[in-house]
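I opened my notebook to look up a few side chains, some charged pairs and a ligand. My entries follow in the order I made them.

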Amino acid sequence: MRYISTRGQSAPQSFCDILLGGLAPDGGLYLPESYPQVSRADLDAWRGLSYAELAYAILSRFIDDIPAADLKAICDKTYTEEVFGTPQITPVRALEGGLNIEGLSNGPTIAFKDMAMQLLGNLFEYVLDKRGQEINILGATSGDTGSAAEYAMRGKRGVRVFMLSPHGRMSAFQRAQMYSLQDDNIYNIAVRGMFDDAQDVVKAVSNDHAFKAQYKIGAVNSINWARVAAQIVYYFKGYFAATESNDQQVSFVVPSGNFGNICAGHIARMMGLPVAQLILATNENDVLDEFFRTGVYRPRNTAETHATSSPSMDISKASNFERFVFDLVGRSGDTVRALWSKVDAGGAFDLSASPEFAAIGQFGFVSGSSNHAARLATIRKADADYATVIDTHTADGLKVALELRDPAVPTLVLETAQPAKFEETIAEALGRKPARPAGLDNIEALPQRVEVMDVDVAAIKALIVRTVDGV
Ligand SMILES: *Cc1c(COP(=O)(O)O)cnc(C)c1O
């Protein structure tokens, strides 16, 4: 299996070669040169597998440069009840006839990013060890991604994590989750600024190519192919849980921001998983909903990006969307390059009159959006009608599911976080705080390890140098 760039101008690579990197050299995103096809016999053989077995069965179709026994051991070590709280890993619960929730947020940081990031931590450690290399992951976070990365990489040989967060802007719970980690290889840096300032520091450091090479700076952002690949597994798992036979179809509802989660659903469907619809749900930041309704992709600027009560979906542009558009335009790197020359210059593109957009129905996407009032109402409805408390992102999914689903098709709403992570908004909706998972009761009281710094690229580079060189 070789990986090619969506912009068509980078040499094909193997899985392990793209594992530690980010964008392809031509600025595109990596995708497999073709999607492995899943037969009816495969589905029959896979229906009874455990999550870890299924992960191996699927990932081995994408990864041919890690020996089978090693890849199997990595899957077994990653997807355990100990890490994910239940033997099913992604338990499915019914709300009403044909409408279900698939729980993806039972990992250590109680949001779905653990599903992929935990695998990434074990893959990184394995590949770095084999190659005798190390990596210094530098990232900026406003919450979920940073904590998922830290919990995945803590204690891993060959890996250090330098994570920048906006000082005083995360919730007390989010701060406690990250800053209470005491592992030697985790460095929390709170910068006196906003998330965008932290992000700008990361970009500035990464654009210093000599520094980046000397200090082996890497990233684990949402465009990482291995993260997308890992997420394909729970679409298959959810399909088996919500159906009785492989003759049936299902639909998935996906609370979306950077298009990483639903991109995995798209690939599962392209592989042959019987998916009727992929229902994309956005919050007030509806750049993706707009595209699927109109054919116009218009990334927003910072001023147009709303701070909402489903903050992990507050995006101005959807970094993984380029992967879907590559398939939509018949895998033409030239076309993608032309479209993204507009996006990268701060503009938009319009496919509304194109034959490709006219044929978009073949990909199964439909979309809708939510807002704060609808979010509160949906959290109340889930509590009253289904006796379940859902988080604000999942509520955006359920809101759109109730509007758009076909009641004849079993539907799975992906639960992307647990309500405890966003307890202020749950309290606003229900008048009470949600229960916290065991072990997180009092994490705000744990000792914290964080360095508060100015938004100063040179100072942050100096901290990395001191740490890596041990001076
Ligand atoms: C990251 C995140 C999302 C959005 O997922 P994408 O892959 O960016 O579309 C939704 N909900 C939660 C809780 C998240 O952390």
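**Entry 1: Asn-106.** I looked up the side chain of Asn-106 and found a polar contact with the side chain of Gln-418, at 3.2 Å. A polar contact is a pair of N or O atoms within 3.5 Å; within protein, one must be able to donate a hydrogen and the other to accept it, and residues adjacent in sequence count only if both atoms are side-chain atoms. I note that this is a predicted model, where local features need pLDDT of at least 70 and side-chain atom pairs count only at pLDDT 80 or more, while totals for chains, interfaces and linings use all residues. Residues are numbered from 1 along each chain as its sequence is written, and side-chain values use heavy atoms, with hydrogens and water left out.

Where does Asn-106 sit? I found Asn-106 in the loop between strand 4 (99-103) and helix 6 (113-131). Helices (H or I, at least four residues) and strands (E, at least two) are DSSP runs, numbered from the N terminus. Not counting residues up to four places away in sequence, Asn-106 touches Val-83, Phe-84, Gly-85, Ile-89, Pro-91 and Gln-418. Contact here means heavy atoms within 4.5 Å. I also checked Pro-437: it is 331 residues from Asn-106 in sequence, but the C-alpha atoms are 9.0 Å apart.

**Entry 2: Thr-411.** Is Thr-411 buried or exposed? Thr-411 is buried, because its relative accessible area is 0%. Buried means under 20% relative accessible area, exposed over 50%, and partly exposed in between (1.4 Å probe, protein chains only). Thr-411 belongs to strand 14 (residues 411-415). A polar atom of its side chain lies 3.0 Å from the backbone oxygen of Val-409. Beyond four places in sequence, I listed the residues that Thr-411 touches, including Gly-98, Asn-100 and Arg-405.

**Entry 3: salt bridges.** How many salt bridges does the whole structure have? My search found 32. A salt bridge is a side-chain nitrogen of Lys or Arg within 4 Å of a carboxyl oxygen of Asp or Glu.

I looked at Arg-405 again. Arg-405 forms a salt bridge with Glu-96, with the closest N and O atoms 3.3 Å apart. This pair links distant parts of the chain, 309 residues apart: Arg-405 is in the loop between helix 18 (392-404) and strand 14, and Glu-96 is in strand 3 (residues 92-96). Arg-405 counts as buried because its relative accessibility is 14%. Glu-96, at 36%, is partly exposed.

Next I took Glu-322 and Arg-7, whose side chains meet in a salt bridge (2.9 Å, N to O). Both residues are buried.

Asp-44 and Arg-40 also form a salt bridge, at 3.2 Å between the closest N and O atoms. Both lie in helix 2 (residues 40-46), four residues apart, about one turn of the helix.

I also noted a network of salt bridges that links Asp-286, Glu-290, Arg-298, Arg-300 and Glu-304.

**Entry 4: the ligand.** Which residues are closest to the ligand? Of the 15 residues that surround the ligand, the closest are Lys-113, Asp-144, Gly-257, Asn-258 and Thr-416. A polar side-chain atom of Lys-113 lies 2.5 Å from an oxygen atom of the ligand. A polar backbone atom of Gly-257 is 2.7 Å from a ligand oxygen.

Conventions
A residue is near a molecule or strand if one of its heavy atoms lies within 4 Å of it.
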